[in-house]
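User: I would like to learn how to read the features of a protein model. Could we go through them one at a time?
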Amino acid sequence: WITMVTGRTAAEHGIFDLYRKQSPEGHQLRALTSRDLPCETVWSLLNREGRKTTVLDLPLTVPPPRIEGHVLPGSWATPRQLKLGCHPSDLSKRLVEQAGVQLDALAMSEPGDDPVAWVETQIDREAQLFRALRFLRDSEPADLVLILARAFGLVYALYAANREARPKCVAYFRAL
């Protein structure tokens, strides 16, 4: 994802995971943030050119970049970060009140013990994400929209590994 949004290889931007050691000799990890991005992103380049970008659910967008457009943080953001990490700062309120988006549904979850139920929550999650996208597209269109359907890879892996989950996985792909 970082290579996609920076146009740089992992060797150039130095980000190989979403976590980094707290210190070189320690074992504690910390989650990376937008402050860890060592180079410009496509949205910062477009912003400099006076263009508007909508960024939905991409990693390393907390704290949100101050761009002309919208940022709904994603990928491993907590419900609190989802609400407080939006740009502009009133975006979460507008998405809830005007578009009917349920922000808590966008928080990260893992498959757990019931993968079929988890896929069902991902169908709802992506529906909420696309509800936000439609609202922003209709009310404040952008020159570029970046959106990540985060569960796609996990649902695909679940489809391959779990026969019982396959019908629900197919339902996820159809809904997406």
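User: In which sense do S3 and S5 pair, and over how many bridges?

Analyst: Two strands count as paired if DSSP finds at least two bridges between them. Here S3 and S5 pair over four bridges, in the parallel sense. The names follow a convention: helices (H or I, at least four residues) and strands (E, at least two) are DSSP runs, numbered from the N terminus. Please note that the model is predicted: local features need pLDDT of at least 70, side-chain atom pairs count only at pLDDT 80 or more, and totals for chains, interfaces and linings use all residues. Residues are numbered from 1 along each chain as its sequence is written, and side-chain values use heavy atoms, with hydrogens and water left out.

User: In what order do the strands of the open sheet lie?

Analyst: The open sheet has three strands in the order S4-S3-S5, with parallel pairing. S4 and S5 are the edge strands, each pairing on one side only. From one strand to the next, the twist averages 5°; axes are lines fitted to C-alpha atoms, for helices over the stretch in contact, and angles run from 0 to 180 degrees between N-to-C directions.

User: How should I read a nonpolar core, and which residues have the most contacts inside the largest one?

Analyst: In soluble globular proteins, nonpolar side chains tend to be buried together. A nonpolar core is a set of buried Ala, Val, Leu, Ile, Met, Phe, Trp, Tyr and Cys residues joined through side-chain atoms within 4.5 Å. Buried means under 20% relative accessible area, exposed over 50%, and partly exposed in between (1.4 Å probe, protein chains only). The largest core here has 17 residues, and those with the most contacts inside it are Leu56, Leu72, Leu95, Val101, Leu106 and Leu136. H5 and helix H6 (115-139) each supply at least two residues of this core. Its largest share, five residues, comes from H6.

User: Which residues does Val101 touch, leaving aside its neighbours within four places in sequence?

Analyst: Contact means heavy atoms within 4.5 Å. With those neighbours set aside, Val101 is in contact with Leu95, Val96, Leu106, Gln128, Arg131 and Ala132. There is also a second, separate core of nine residues, which includes Ala151, Val155, Leu158 and Cys169.

User: What is a salt bridge, and how many does a search of the whole structure find?

Analyst: Side chains of opposite charge can pair when their charged atoms come close. A salt bridge is a side-chain nitrogen of Lys or Arg within 4 Å of a carboxyl oxygen of Asp or Glu. A search of the whole structure finds ten. One of them joins the side chains of Arg150 and Asp57 (3.8 Å, N to O). Arg150 lies in the loop between strand S5 (144-147) and helix H7 (152-161), and Asp57 in the loop between S3 and S4, so this pair ties together parts that are 93 residues apart in sequence. Both Arg150 and Asp57 are buried.

User: Which residues are linked with Asp57 in a network of salt bridges?

Analyst: The network links Asp57, Arg125, Glu126 and Arg150. Within it, Glu126 forms a salt bridge with Arg125, and their closest N and O atoms are 3.2 Å apart. Glu126 counts as buried because its relative accessibility is 4%. Arg125 counts as buried because its value is 1%.

User: Where do the partners Arg94 and Glu140 lie?

Analyst: Arg94 is in helix H5 and Glu140 in the loop between H6 and S5, 46 residues apart, so that the pair links distant parts of the chain. Arg94 and Glu140 form a salt bridge whose closest N and O atoms are 2.3 Å apart. Arg94 counts as buried at 13% relative accessibility, whereas Glu140 counts as partly exposed at 22%.

User: What is the phi of Asp57?

Analyst: Asp57 is not a glycine, although its phi is positive, about 70°. Leu60 has a positive phi near 60° and is found in the loop between S3 and S4. Leu60 counts as buried because its relative accessibility is 7%.
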